[in-house]
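I opened the notebook to record what I looked up. Here is the structure I worked from.

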Amino acid sequence: MKLQVLILALLFLCAPAWAHHGNSAYDEQARVPVKGTVTEFVWTNPHSQIYLDVKDKNGNIVHWAVETNSPGILSRAGWTRRSLTPGDEVTIILCPAKNGAPVAYIGSGDPGTKVIFADGRELDFKDKTAQ
Amino acid sequence: MRRLACSIRFLVAFVVSALFAMSQTAQSQTTGQNNARSLNTQDLSGVWQLAPGGGGQGPGDNFPPLTAWGQAKYDANKPGYGPKAAPGGNDPILKCDPMGFPRILFVIWPFEIIHIPERILMFFEGQHTIREIWMDGRKLPNDPDPRWYGYSVGKWEGDTLIVESTGFNEKTWLGAQGQPHSDEMRTIERYRRIDQDTIQFNLTIDDPKTYTKTWYAEPRLIKRKPGVEIPESFCVASEEEEFARRIREPAARQPGKE
C-alpha cells in the first residue's frame, strides 16, 4: 500500500495551556495525521522519541521526528519500551512544528494526539493510574 | 420456664447486637469511608502527585511587583512556557540542571513522602531526586551554603506540616514560566491532609531581593497515587544533548537562519 502523508487542516481547541507540557515550538492547536513506518523508538527520560519514514506527495521519503512524554508518564498510560518497534506502520495524530520542519509533539498535554496502528489499535496518553 | 427465659434473653441480646451493628454501619456510611479508617493526618507516607490547577508548572503568574534586580533577572529568563514562551530559550533544565526548589514540587509527576526518624524525605520522579526535611527540632542554619534544594526544617502544628527553607542558590527558576529568585529566598510550605487521598498545599515565598512583597502562591491540591512506583528517571546530559540535536533544535530553528 502506498504510504502518503495526509496533511489535513484539522483544528481543535486545546486544553488550557497550563494543563500540558506546553512547548511553543509546536502548533498545539493543530492535530495532523502523519502516516509512516517506525524506524526507531527512543525510551529516554524526560523525552521519549519516535522516528518514522514518511512518503511525501512526490514519493520521496521524509524522516519525521516526534517528541513525546517521559517513560514514567508513558508507562502510566500503558506504554512499554516495546510498544513501538522498527517496521511498525502507524498513523500518528500530532502537533507539528510551527516552522514547517518534519518534527512534532504528541503527549499527555495535548488531548487527541495518539498513535494508531494498521490494525486499529491505539496508544494514547490517558493516565491509567488516575483515581 | 427457665428455658423460655433463656430464649428471651438470647433473643434480646441478638436484637440489641443487630441494632448496634446496623447503627455502626449507618454511621460509617454517613461519615464516609475515609474517616472510618481513622486517618492519621500526621502520616503522609505514600506516593502523591500534584493535581493540575492554577499556576501550572510553577507557583503561578500572580507574583508581586519585581525589584529592579528581579526584573532584570526575569527579562533574561527565556522560558518555553507561560506568557513569555518562545521556541528554544534558556531554561536551565534543558541542560539537565537540577530543577531546584520549589520548582520540583510543581512538576506534575509522582513523588513519594517517606517518614524516617527525625526526617521526612520527598523522593521525586522528576530528576530522581531526594529532598530532606529535618523534623528533629533544629533551627535553620544562619549562613548555609547555597544549594539547589536549600535547607529545610519541619514541624507539625495540629494536622498541618509546616516546612521552612533557606539556603538556595540563584541558578534555578521557581517554575517553568521563568520566575526568578535570589539567594535571599525563604519559603514556607504548609501540607494539610484533608482526607485519605488529598493534601492541601500552600506555599509562601519571601525574597526581598527579587520581589517587593511576600508571594502567596496559588493554593494547590496533591492527590494520592496508590500502587504507583517511582521509576528511574534521571535527566542525563548526554541523552538530553542528543534529544536537542535531533528534535528540540530542528523544531525551534527559524526559517532562513539555519
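**Entry 1: Y26(A)**

I began with Y26(A) and asked for its contacts, setting aside neighbours within four places in sequence. Y26(A) is in contact with C95(A), P96(A), A97(A), K98(A), A104(A), Y105(A) and A251(B). Two residues are in contact if their C-beta atoms, placed from the backbone, lie within 7 Å.

I noted the ground rules next. The model is predicted, so local features need pLDDT of at least 70 and side-chain atom pairs count only at pLDDT 80 or more, while totals for chains, interfaces and linings use all residues. Residues are numbered from 1 along each chain as its sequence is written, and chains are lettered from A and ligands numbered from 1 in the order in which they are written.

Is Y26(A) buried or exposed? Y26(A) counts as buried because it has 24 C-beta neighbours inside 10 Å. The cut-offs are these: a residue is buried with 20 or more other C-beta atoms within 10 Å of its own, exposed with 12 or fewer, and partly exposed in between, with C-beta atoms placed from the backbone. Y26(A) sits in the segment before strand 1 of chain A. Helices (H or I, at least four residues) and strands (E, at least two) are DSSP runs, numbered from the N terminus. I also checked a distance: the C-alpha atoms of Y26(A) and S83(A) are separated by 24 Å, and the two residues are 57 apart along the chain.

**Entry 2: where the chains touch**

How many residues does each chain bring to the contact? Chain B brings 28 residues and chain A brings 26 residues. On the side of chain B that touches chain A, helix 4 (residues 237–252) of chain B gives the most, with seven residues. I sorted that side of chain B by class and found 16 nonpolar, five polar and seven charged residues. Ala, Val, Leu, Ile, Met, Phe, Trp, Tyr, Cys and Pro count as nonpolar, Asp, Glu, Lys and Arg as charged, and the others, Gly among them, as polar.

**Entry 3: chain B as a whole**

I counted four helices and 10 strands in chain B. From the N terminus on, they run α-α-β-α-β-β-β-β-β-β-β-β-β-α. Chain B has 258 residues, and 32% of them count as buried.

**Entry 4: the cores**

A nonpolar core is a set of buried Ala, Val, Leu, Ile, Met, Phe, Trp, Tyr and Cys residues joined through C-beta atoms within 7 Å. Which residues touch the most other members of the largest core? They are I104(B), V107(B) and I199(B), in a core of 30 residues. Strand 8 of chain B gives the largest share of this core, four residues. A second, separate core of 26 residues includes W64(A), C95(A), A104(A) and A251(B).

I then followed I199(B). Not counting residues up to four places away in sequence, I199(B) touches L44(B), W48(B), Y191(B), R192(B), R193(B) and I222(B).

I looked for cis peptide bonds. One joins N45(A) and P46(A), with omega about -5°. P46(A) is in the loop between strand 1 (32–42) and strand 2 (48–55) of chain A. Another runs from F101(B) to P102(B), with omega near 5°.

C96(B) has phi near 65°. C96(B) counts as partly exposed, with 18 C-beta neighbours inside 10 Å. E118(B) has phi of about 70°. E118(B) is exposed, because 11 other C-beta atoms lie within 10 Å.
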